[in-house]
Amino acid sequence: MEMVLSEEIESCQEQKDLIKFVIEKLEQPNVVIDHDVINAGFENISKHFEFELFEWEKFIMCFIMGVFYDDGSLVFNEFLVMLGRGAGKTGFMSVIEWWLASKQGIKTYHVDIVAASEDQAMESF
């Protein structure tokens with residue numbers, strides 16, 4: 001988030017608005033950020049995947065792995081990733097699937113994949 005706010009990376013107005021929205025959510029008193037789970041998650045991901053996550057992927061993964069309300073529910077339970085071809089969406093989806101199916105702690109977690117073709121969907125397994 002700091003990279004966008006400090007303009008270290010080029011970003012559009014929608015990304016700046018997103019960061020402001022996320023900061024407002026994170027400042028709510030009933031939001032818990034579990035840094036230990038997030039850090040352990042990234043260490044585990046690096047052991048199982050040979051590619052490095054992009055900064056935008058790390059940003060989203062933090063919310064999937066360790067940002068909850070104090071009742072245990074996710075602060076953000078839906079994500080839309082809209083990028084051009086070759087930006088890493090399929091590889092990132094593999095990381096998310098792996099995390100949800102093996103590390104999230106929910107038994108029989110169901111993961112659905114929607115893709116333009118069966119070949120593309122199977123790439124993520």
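# Report on a predicted model

Glu7 counts as exposed because its relative accessibility is 59%; exposed means over 50% relative accessible area, buried under 20%, and partly exposed in between (1.4 Å probe, protein chains only). Glu7 sits in the loop between H1 and H2. Its phi is positive, about 65°, although Glu7 is not a glycine. Most residues other than glycine have a negative phi.

This is a predicted model, in which local features need pLDDT of at least 70 and side-chain atom pairs count only at pLDDT 80 or more, while totals for chains, interfaces and linings use all residues. Residues are numbered from 1 along each chain as its sequence is written, and side-chain values use heavy atoms, with hydrogens and water left out. Helices (H or I, at least four residues) and strands (E, at least two) are DSSP runs, numbered from the N terminus.

## The largest pocket

The largest pocket has a volume of about 1000 Å³. Its lining has 32 residues, and Leu18, Ile19, Trp56, Phe59 and Ile60 are the closest to the centre. By class, the lining holds 24 nonpolar, 3 polar and 5 charged residues.

A pocket here is an open set of points on a 1 Å grid over the protein atoms alone, where a 1.4 Å probe fits, with protein on both sides within 12 Å along at least five of seven lines; lining residues have an atom within 4 Å of a point. The volume is the space filled by probe spheres set on the points. Ala, Val, Leu, Ile, Met, Phe, Trp, Tyr, Cys and Pro count as nonpolar, Asp, Glu, Lys and Arg as charged, and the others, Gly among them, as polar.

## Nonpolar cores

A nonpolar core is a set of buried Ala, Val, Leu, Ile, Met, Phe, Trp, Tyr and Cys residues joined through side-chain atoms within 4.5 Å. The largest has 14 residues, of which Ile45, Met61, Ile64 and Trp99 touch the most other members. H3, H4 and H5 (89–102) each supply at least two residues. H5 gives the most to this core, 6 residues. A second, separate core of 8 residues includes Val31, Val67, Val75 and Phe76.

Met61 belongs to helix H4. Met61 counts as buried because its relative accessibility is 0%.

Buried residues of H5 include Thr90, Phe92, Ser94 and Trp98. The 14 residues of H5 should span 20 Å at 1.5 Å a residue, and the end C-alpha atoms are 20 Å apart, which agrees. The expected span is 1.5 Å times one less than the number of residues.

## Aromatic pairs

The whole structure has 6 aromatic pairs. Rings of Phe, Tyr and Trp (its six-membered ring) pair if their centres lie within 6.5 Å; planes under 30 degrees apart count as stacked, over 60 as edge-to-face and the rest as tilted. Two edge-to-face pairs follow.

| Pair | Centre distance | Plane angle |
|---|---|---|
| Trp56 and Phe92 | 5.1 Å | 75° |
| Phe63 and Phe76 | 5.1 Å | 85° |

Trp56 in H4 and Phe92 in H5 are 36 residues apart. Trp56 is partly exposed at 26% relative accessibility, whereas Phe92 is buried at 2%. Phe63 in H4 and Phe76, in the loop between strand S2 (67–69) and H5, are 13 residues apart. Phe63 and Phe76 are both buried. Ring pairs link Phe21, Phe59, Phe63 and Phe76 into a cluster.
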